[in-house]
Amino acid sequence: MAVFLLLFLFLFTNSVAEEVSFGIKQHLSTVTRYGASKGVRDSNYAPAPDGCVPIHLNLVARHGTRAPTKKRIRELNNLESQLEMLIREAVENGLSLHKLPSWLKLWKSPWRGKVKGGELIPKGEEELYDLGIRTRKMFPDLFSDDYHPEVYTIKATQVPRASASAVAYGMGLFNGRGSLGSDHHRAFSVISESRASDTMLRFFDCCQRYEDYRKHQEPAVDKLKEPVLDDITKSLSERYNLNFTRQHIASLWFLCKQEASLLDITDQACGLFSPSEVALLEWTDDVEVFILKGYGNSLNYKMGVPLLADIVQSMEQAIKAKEEKQVPGSYEKARLRFAHAETVLPFTCLLGLFLEGPDFRKIQREQPLELPPRPPASRIWKGSAVAPFAGNNMLVLYNCPANSSDQYFVRVLHNEEPIAMPGCDGSDFCSFKDFKEKIVAPHLKHDFNTLCAANLEEPASEAETSKFSLFRWLFGPRNDDKQPRKVEL
C-alpha cells in the first residue's frame with residue numbers, strides 16, 4: 001500500500017510540475033510574441049573577431065504583434081454563439097456541467113463589435129521600437145552618421161501593420177537624434193512598393209504559380225490536421241460534456257493563441273487543453289507553415305530570390321564604397337525592411353537556416369524535406385522560433401583587414417542571435433566569397449518571372465515526392481513517435 005501511495009504521489013507531482021513548467025506563450029507557432037520567443041534573457045549577440053568592423057547591415061523583419069483580421073474576428077463572433085448553443089443543448093439533455101470552466105459559460109468575444117482588424121497593437125509597436133533601440137546599441141558605429149534616406153534605407157510593404165512596424169522601429173533606432181518633442185524624435189522616410197508589383201517583400205502575392213500551388217495544397221494540409229483535431233475533439237467532449245466538433249476545437253485553439261499573445265490571458269481557452277494537446281496543436285501549425293511557406297516545396301523560397309539578390313547587391317555596393325574610401329554619409333550603411341511571416345519564412349529558407357547538414361544539401365538540389373516529426377519527438381522547425389511576431393534576420397557585413405585571405409565576412413543574426421549557417425560549414429561567421437558561392441549562387445540561377453509563370457510545370461521529382469509524403473502521412477501506419485502535421489501564420 002505504501003509503495004502504491006508513493007507511486008501515486010510521484011506521478012501526481014510530475015504531472016503538476018509539467019503543468020507549471022509548461023509556458024503556453026512559447027508554443028503558439030507564428031502567433032508567438034517576440035519576447036516570449038526569445039525568453040526574458042537579453043540578446044546573446046557576440047562581438048565579431050578582433051579587428052573586424054561592421055560596414056553594412058541588412059534587416060528583414062516581420063511586423064509586430066497584431067490584432068486578428070476581420071475574417072478571424074467573424075470566426076470568434078461565431079464561436080461565441082456556437083458555445084452558447086452547445087451549453088444550452090447540454091443543459092436540455094440533462095448533462096452535468098460541473099467540470100465546465102465558469103468563464104466559458106459567460107464568454108463573449110473581446111473583439112465583438114469591431115469591424116476592422118489586422119492592425120499593429122501597442123505590444124507590437126513596443127516590440128519594434130525596442131528592437132530599433134537594441135540595433136543601434138549593437139552597432140553604434142553603423143548608426144553614427146546623420147540620418148539620410150540614402151544612408152539608412154527603410155522599406156515596408158503597403159500593408160499598414162508592416163509600415164507601422166517600420167515607423168516604430170525607426171523611432172527606436174533614431175531616438176534622441178532629432179529635434180521633435182521632449183524625446184527628440186526625428187522624421188524619416190519609409191518607402192513602399194505597390195502590392196501588385198512588390199516582388200521584393202510580397203513576392204508571395206506576385207507569383208501566380210505559388211498562388212496556384214497554395215490553393216491546390218491547402219485541402220491536403222487540412223486533411224493532415226484532421227487526425228490531431230479529431231483526437232482532441234473527442235478528449236475535450238468527454239472532459240467537458242459538450243458536443244464539440246473539429247471546427248470548435250480549431251476555433252478554440254485560435255482563441256487560445258489570441259488570448260495568450262494579445263491579452264496575456266492563459267487560463268481560459270488555453271486552459272482547456274493539456275500540455276500534450278497544445279504541443280500537438282502547435283505542431284500542426286508548424287507543419288502547415290512548413291508545407292505552404294517553408295522547406296516543404298522549393299517554390300516557397302525560390303520566389304524570394306529578388307530579395308536575396310537585393311541583399312547581395314547592397315553588400316557589394318558597401319564593399320565598393322569601402323574599397324574606394326568614399327566619404328561617410330555618401331553611401332548606404334543599412335537597408336531595413338519590414339514585411340510579413342510569408343516574407344521572413346521563405347527568406348530564412350533561402351539562407352538554409354534551421355537545417356542540419358544533409359538537409360541543406362537537399363535544398364541546394366531543391367528537393368523537399370521530410371515533414372517535422374510529431375511530438376514528443378524534438379524538432380528544429382518551430383514557427384515560434386523561425387517567425388514569431390517581429391521575428392527578423394540581420395545580415396551584417398564586416399571588414400576584417402587583418403585577414404590575409406578574405407577581408408569581408410557575413411554574419412547572420414536570427415532574432416538578434418548569431419545562428420549557424422549550414423552552407424558555411426556550420427559557422428555563424430562566413431567569408432563573403434563563400435556566402436555568395438555556397439548559399440546565394442545556387443538560388444540566383446532562377447528568374448522570378450520565369451519561375452512564377454502560371455503554366456510552368458513543377459519538376460516531376462519534387463511534385464511526386466510531395467504527393468507521396470502527404471499520401472504516406474494521411475494513410476500510412478502511425479505510432480506514438482511518427483505522425484501527421486500542420487501550420488498557421
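Lys 333 counts as buried at 9% relative accessibility, where buried means under 20% relative accessible area, exposed over 50% and partly exposed in between (1.4 Å probe, protein chains only). The model is a predicted one: local features need pLDDT of at least 70, side-chain atom pairs count only at pLDDT 80 or more, and totals for chains, interfaces and linings use all residues. Residues are numbered from 1 along each chain as its sequence is written, and side-chain values use heavy atoms, leaving out hydrogens and water.

Let us stay with Lys 333 and look at its partner. Its side chain meets that of Asp 145 in a salt bridge (3.5 Å, N to O); the term stands for a side-chain nitrogen of Lys or Arg within 4 Å of a carboxyl oxygen of Asp or Glu. Asp 145 lies in the loop between helix 5 and strand 2 (152–156), and Lys 333 in the loop between helix 12 (305–323) and strand 3 (334–339), so the pair ties together parts that are 188 residues apart in sequence. Helices (H or I, at least four residues) and strands (E, at least two) are DSSP runs numbered from the N terminus. Asp 145 is buried too, at 12%.

The whole structure holds 32 salt bridges. One of them pairs Glu 80 with Arg 112, with the closest N and O atoms 3.3 Å apart. Because Glu 80 sits in helix 3 and Arg 112 in the loop between helix 4 (102–105) and helix 5 (122–138), this pair ties together parts that are 32 residues apart in sequence. Here Glu 80 is buried, at 7%, while Arg 112 is exposed, at 51%.

Next, turn to helix 8, where Lys 225 and Asp 222 are three residues apart, a separation of about one helical turn. Their side chains also form a salt bridge (3.3 Å, N to O). Lys 225 is buried, at 10%, and Asp 222 is partly exposed, at 41%. Elsewhere, a network of salt bridges links Lys 25, Arg 33, Lys 123 and Asp 264.

Asn 58, in strand 1 (residues 53–62), is buried at 0% relative accessibility.

Finally, have a look at the backbone. Pro 375 and Pro 376 are joined by a cis peptide bond, with omega about 15°, and Pro 376 belongs to the loop between helix 14 (357–364) and helix 15 (383–386). Glu 366 lies in the loop between helix 14 and helix 15; its phi is positive, near 60°, though the residue is not glycine. Glu 366 is buried, at 15%.
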